[in-house]
Amino acid sequence: MSNDILDVPEALTTLSPDTLAVRAGIERSRFGEHSEALYLTSSFVFENAAQAAARFGDKEEGNVYSRFTNPTVTTLQTRLAALEGGEDCIATSSGMAAILSLAVALLKAGDHIVASSGLFGSTVQLFANQLSKFAIDTTFVPASDTAAYRAAVRPNTKLFFVETPSNPLTEIVDIAAVAAIAHEAGAVLAVDNCFCSPALQRPLELGADVVVHSATKYLDGQGRVLGGAVVGPKSITGEVFRFLRNAGPTLSPFNAWVILKGLETLRLRLEAQSDTALKLARWLETQPEVERVYYPGLPSHPQHELAMRQQRRGGAVVSFEVKGGREAAWRVVDATRIVSITGNLGDTKTTITHPASTTHGRITPEARAAAGISEGLLRVAAGLEAVEDLQADLARGLQA
Ligand SMILES: *Cc1c(COP(=O)(O)O)cnc(C)c1O
């Protein structure tokens with residue numbers, strides 16, 4: 001019991017996201033704790049045999065076993081669903097576990113996926129090498145070519161899966177247009193909203209049916225834990241839940257608690273990180289050693305207008321091509337003293353990656369070229385350091 005307005009379910013759809021980000025989903029225990037409680041327990045006890053039977057038989061709501069019910073995880077699910085504007089959310093152990101769980105929930109042998117190119121590498125591998133073993137085929141289409149999505153539709157197409165902005169070239173998928181094509185085909189559109197998070201982009205409002213997250217990135221935002229989530233209508237999450245209950249790609253309560261604390265500062269972080277990324281992008285455009293800058297917040301981005309319609313800001317990720325190929329790119333990486341050399345992103349600490357030799361290093365040079373990943377390409381994911389320090393850190397290698 002409490003004075004909490006959030007005890008009224010309608011509050012989840014009427015209060016501002018800023019309020020929901022710090023308050024949605026809290027259920028106080030009998031101790032009246034102020035901060036979200038962390039329930040580290042594998043199982044739950046019952047009052048008596050009848051209650052045990054009712055809980056197991058889904059006749060009574062309540063916790064049973066943390067593979068599929070835990071109050072800390074439930075708080076995160078309620079909060080994330082509210083932030084995305086979705087009916088329901090199922091949290092998972094990682095972003096990939098979310099994508100796998102969604103695929104298993106929606107698809108069966110003989111079904112077909114239309115996916116945007118430039119998806120996260122493991123998503124490409126999962127679709128192309130694992131789901132294919134169960135007779136689920138995927139057609140990859142250029143992320144920003146709306147007509148190509150329609151051309152790829154087959155009678156058995158059940159799922160459209162896109163990521164926007166794409167990684168690392170920040171191509172923008174027109175979510176509303178692709179949603180219309182998916183629905184015409186009787187399929188579901190899933191958006192991996194990892195790069196923007198609900199602080200900058202709400203795909204469900206634009207017509208997408210379901211959103212997946214790697215909570216490992218901006219939702220935690222501080223590089224501490226792995227996590228994932230599927231957000232959408234109960235008609236989809238119900239099936240995801242049944243898979244999770246049976247298969248166990250479950251989020252740990254501890255990780256859920258860490259991500260809950262991350263959500264409280266999500267908008268503040270992403271706005272500050274987007275501001276820094278925009279300043280870096282503008283500065284990089286003026287550098288003679290830089291061939292091209294990829295950032296949706298720049299007017300020079302070919303889809304700038306679309307990006308600014310569907311995203312509140314450009315996001316934290318800036319990519320750029322330096323003149324002089326791999327040698328020049330590695331010089332920039334190796335000259336950094338502040339920026340972290342890592343394949344990861346979504347942290348308060350700025351990171352730099354040379355995609356051609358790391359994240360995209362295992363595909364053939366031809367496939368890399370087709371994907372637009374040149375030897376001079378670098379990806380920076382802006383953190384929360386002072387932009388002057390980051391600029392000086394990158395300038396050292398550029399001007400060497
Ligand atoms: C990291 C990432 C994933 C995978 O998430 P994990 O939590 O590492 O499993 C999926 N999609 C995108 C866009 C990512 O950046």
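User: How far is an oxygen atom of the ligand from an N or O atom in the side chain of threonine 216?
Analyst: This is a predicted model, so local features need pLDDT of at least 70 and side-chain atom pairs count only at pLDDT 80 or more, while totals for chains, interfaces and linings use all residues. Residues are numbered from 1 along each chain as its sequence is written, and side-chain values use heavy atoms, without hydrogens and water. A polar contact here is a pair of N or O atoms within 3.5 Å. For threonine 216, the distance to the ligand oxygen is 2.6 Å.

User: How much of the ligand's own accessible area does the protein cover?
Analyst: Taken on its own, the ligand has 380 Å² of accessible area (Shrake-Rupley method, 1.4 Å probe). The share that the protein covers is 92%.

User: How many charged residues are in the shell around the ligand?
Analyst: The shell (heavy atom within 4 Å) includes Ser94, Gly95, Phe120, Glu163, Asp192, Cys194, Phe195 and Lys217. Asp, Glu, Lys and Arg count as charged, Ala, Val, Leu, Ile, Met, Phe, Trp, Tyr, Cys and Pro as nonpolar, and the others, Gly among them, as polar. Sorted that way, there are four nonpolar and five polar residues, and the charged ones number three.

User: Where does the ligand sit, and what volume does that place have?
Analyst: A pocket is an open set of points on a 1 Å grid over the protein atoms alone, with protein on both sides within 12 Å along at least five of seven lines, and its lining residues have an atom within 4 Å of a point. A molecule sits in one if more than half of its atoms lie within 2 Å of its grid points. By that test the ligand is in the second largest pocket. The space in that pocket, filled by probe spheres set on the points, is about 930 Å³.

User: Which element gives the largest share of the lining of the second largest pocket?
Analyst: The lining has 42 residues, with Leu119, Phe120, Gly121, Val124 and His360 nearest the centre, and it divides into 19 nonpolar, 17 polar and six charged. Among the DSSP runs (helices of at least four residues, strands of at least two), H5 (95-106), H6 (121-130), E6 (210-214) and H15 (365-370) each supply at least two. Six residues, the largest share, come from H6.

User: How many charged residues line the largest cavity?
Analyst: A cavity is a set of points where a 1.4 Å probe fits but cannot get out, and the largest one has about 50 Å³ of space. Pro165, Phe195 and Gln311 are among its lining residues. That lining has six nonpolar residues and four polar ones, and its count of charged residues is none.

User: Which loop holds proline 165 and proline 168?
Analyst: The peptide bond from threonine 164 to proline 165 is cis, with omega near 0°. Asparagine 167 and proline 168 are also joined by a cis bond, with omega about 5°. Both prolines are in the loop between strand E4 (157-163) and helix H8 (175-184).

Conventions: A polar contact is a pair of N or O atoms within 3.5 Å; within protein, one must be able to donate a hydrogen and the other to accept it, and residues adjacent in sequence count only if both atoms are side-chain atoms.
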